[in-house]
Amino acid sequence: MAGRDEERAVVRALVDAHGETYAEEAGIRLRDTPQPLYRLLVLAHLLSARIKGSIAVASARALHEAGLRDPRRMAGADWQERVDALGRGGYRRYDERTATQLGEAAELLNERWGGDLRRLREEADGDVGELRRLLQEFPGIGPTGADIFLREAQRVWPEASPYLDAKALQGARRLKLPQDPERLTGLAERTEPAVLAAALVRAAIDKDVAEDSRSTAAS
């Protein structure tokens, strides 16, 4: 069917050009182990603010370079240390509030789940809705932050896959692709859902990404 072939071509063009997860962009080698999962939680927190994604990614890197790469160190750092690291990443508009929230979230993770997000996953017991709810208990993580985390974490938490949230589906709509997650992952063939989701989000936030993908697919 020509329509489906055209849709596959659009997805292929999109993924070829923009198929990098946000975790990869931030230098996080995502595995189902405590530190990468924590760094992803911090990244999701930063990306969920009304700020450029590139600034959020740079600020996540700056926190890591400052040694604030696990909840024990994040909670143990003083507030100004967190503010300064965020500032080095360019995250200035929300830096003071975010520095406070990062400290509080790290304390909660340490106290309730022993600093290990895999224990939060165990508590959810395979229920993705419960996973999403529990993530929102962290200060600074609302529905958007929980969606960002799960879009990326589906790479190592398969019970969440395929996780294509409203922002990813907005990208699909801009690309004139189906709005159904199962159909989209079918069009993507062997592309991981986390990679597809990140590419679709980039199309949602930048119309040039969508236009270039459709143009490349048609050529």
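Predicted model: local features only at pLDDT ≥ 70, side-chain atom pairs only at ≥ 80, totals over all residues.
Residues are numbered from 1 along each chain as its sequence is written, and side-chain values use heavy atoms, without hydrogens and water.

**Exercise 1.** Describe the largest cavity by volume and lining.

Step 1. A cavity is a set of points on a 1 Å grid over the protein atoms alone where a 1.4 Å probe fits but cannot get out; lining residues have an atom within 4 Å of a point. The volume, the space filled by probe spheres set on the points, is about 80 Å³ for the largest cavity.

Step 2. Its lining consists of Ala26, Ile28, Tyr38, Arg39, Val42, Ala60, Leu63, His64, Leu68 and Arg69. H3 and helix H4 (53–65) each give two or more of these residues.

**Exercise 2.** Describe the second largest cavity by volume and lining.

Step 1. The volume is about 40 Å³.

Step 2. Tyr38, Leu41, Val42, His45, Leu102, Ala105, Ala106 and Ile141 form the lining. H3 and helix H7 (95–113) give two or more residues each, and the largest share, four residues, comes from H3.

**Exercise 3.** Which residues contact leucine 200, leaving aside neighbours within four places in sequence?

Step 1. Contact means heavy atoms within 4.5 Å.

Step 2. Leucine 200 touches Leu14, Leu164, Lys167, Ala168, Gly171, Ala172, Leu175, Leu177 and Leu184.

How values were computed. 1 Å grid on protein atoms, 1.4 Å probe; cavity = no way out; pocket = protein on both sides within 12 Å on 5 of 7 lines; lining within 4 Å.
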